[in-house]
Amino acid sequence: MTAHAAHGPRHHLKHVTVHLLTPLLMCLGMGLAYLGAFHQPEPHGMKVAVVGSTARAQVLAQTIKDKAGDELDVTTVADRDAAVAQLKDRDLAGAYVPSATHPEALVAKAGSDTTATAATAVFRTVADRQGVPLKVTDLTELAKGDPTGQGIFFLLVALSIGSYGSVAAIGAAGAGLKLWMRAAVGLVTSFVVSVIGMALAGPVFHIVDHDYTAVWGMAWLYSAGVITIGIGLHTFLKRWTTLTMMVLFVMLNFTTSGGVFRPELQNGFFGSLHSFWNGAGFVEGARSLLYFDGGAGLGGRVLSLVLWLLGGAVLLAVAARAETRWAARRHLAAPATA
């Protein structure tokens, strides 16, 4: 009777409730992250410029700034070439070339299609007030398989799912392996994940059409960083590892990567994470390499991926020491228990 009662409906309901906690927290976290990051995209200090050094250009820039308030950071640049250079360095979201009959908006859609759209909307309003058509010039040429420029973001999604999903598999099936062996399996897995991702992004869907080796290198750095961090965390978090990985590499990662909206269209929290999170490192690094001639902060983005991987290595070292210490304690306790 006692054993039966202990495993009665109340016990099973409690067991189910505990296991439901993880998906319910995932639901809450995903809702907070995605809705918080994407529900109301609007400019926040978006940098645009008016081309020209005349008093009229200065007045126009100030007029745009006065009407937009904190939404825009409006400056002037001397000429069209200077505007093009700043757009290619990704220092501007857009530039407006005034003209009485044929004004022009300069944008770089490869940097962010949504940012380019927002900048174009600002300049179209200016042209509409003049009653003249606006010419929109995109300074970048997107890959034929990626007309919106968002394919790199979806490559990030594939790499992320392959990476954090592998952590769960290694943690569950490799529990009997020493940590260094699990880490070695993880590194091999990250290689496979990155190769799969690049095969799909390159020859299959033509999202990446040049610099395959360099983009693959960033994909491997990203995947290896996620997997090493996950294996290290599993030592301490066990069944809570999956939820933690979802927080780190989905909820806070996809929303801050710049793949959908860049920081200038997000609130301060998500915008600030964009500067150093590893998903942003991959997306912005790949964009810089593929569409901006390897400039526009490529070195800093690659460095961020390296630092995340080094962080994972440090976490593995801490986990290895902890597992060694716990094993020694069990060994000492075994005779007493026997």
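**View 1. R287 and E284 sit about one helical turn apart, being 3 residues from each other in helix α11.** The two residues form a salt bridge whose closest N and O atoms are 3.4 Å apart; a salt bridge here is a side-chain nitrogen of Lys or Arg within 4 Å of a carboxyl oxygen of Asp or Glu. Helices (H or I, at least four residues) and strands (E, at least two) are DSSP runs, numbered from the N terminus. Both R287 and E284 are buried, where buried means under 20% relative accessible area, exposed over 50%, and partly exposed in between (1.4 Å probe, protein chains only). Please keep in mind that this is a predicted model, in which local features need pLDDT of at least 70, side-chain atom pairs count only at pLDDT 80 or more, and totals for chains, interfaces and linings use all residues. Residues are numbered from 1 along each chain as its sequence is written, and side-chain values use heavy atoms, with hydrogens and water left out.

**View 2. E284 also pairs with R262 in a salt bridge, with 2.6 Å between the closest N and O atoms.** This pair links distant parts of the chain, 22 residues apart: E284 belongs to helix α11, while R262 is in the loop between α9 and α10 (268-273). E284 and R262 are both buried.

**View 3. A salt bridge joins E104 to R80, the closest N and O atoms being 2.9 Å apart.** Here, too, distant parts of the chain are linked: E104 is in strand β4 (residues 104-107) and R80 is in helix α4 (residues 80-88), 24 residues away. E104 counts as buried because its relative accessibility is 9%, whereas R80, at 33%, counts as partly exposed. The structure holds 6 salt bridges.

**View 4. Helices α8 (residues 212-237) and α11 (residues 278-291) pack at an angle of about 180 degrees, their axes 10 Å apart.** Axes are lines fitted to C-alpha atoms, for helices over the stretch in contact, and angles run from 0 to 180 degrees between N-to-C directions. The two helices, α8 and α11, are therefore roughly antiparallel to each other; angles under 35 degrees count as roughly parallel, over 145 as roughly antiparallel, 65 to 115 as roughly perpendicular and the rest as oblique. On the α8 side look for A214, V215, M218, A219, Y222 and V226, which meet N278, G279, F282, G285, A286, L289 and L290 of α11. Contact means heavy atoms within 4.5 Å.

**View 5. Y222, in helix α8, is buried with a relative accessible area of 1%.** Setting aside neighbours within four places in sequence, Y222 is in contact with L156, L159, S160, F249, N253, N278, G279, F282 and L305. The C-alpha atoms of Y222 and S304 are 9.5 Å apart, although 82 residues separate the two along the chain.

**View 6. S190 in helix α7 is buried, at 0% relative accessibility.** When residues up to four places away in sequence are not counted, S190 touches W220, S223, A224 and I227.

**View 7. V188, F191, V192, V195, I196, L200, V204 and F205 make a nonpolar surface patch of about 710 Å².** Patches are made of residues with over 30% relative accessible area and no salt bridge; like charges are joined within 9 Å, and nonpolar side chains (Val, Leu, Ile, Met, Phe, Trp, Tyr) within 5 Å. Accessible areas come from the Shrake-Rupley method with a 1.4 Å probe; for residues, only the protein chains shown count as cover. V192 is found in helix α7 (residues 179-204) and, at 41% relative accessibility, counts as partly exposed.

**View 8. H206, a residue other than glycine, has a positive phi near 60 degrees.** Look for H206 in the loop between α7 and α8; with a relative accessible area of 33%, H206 is partly exposed. K238 is not a glycine either, and its phi is positive at about 55 degrees. K238 is in the loop between α8 and α9 (241-251) and is partly exposed at 47% relative accessibility.
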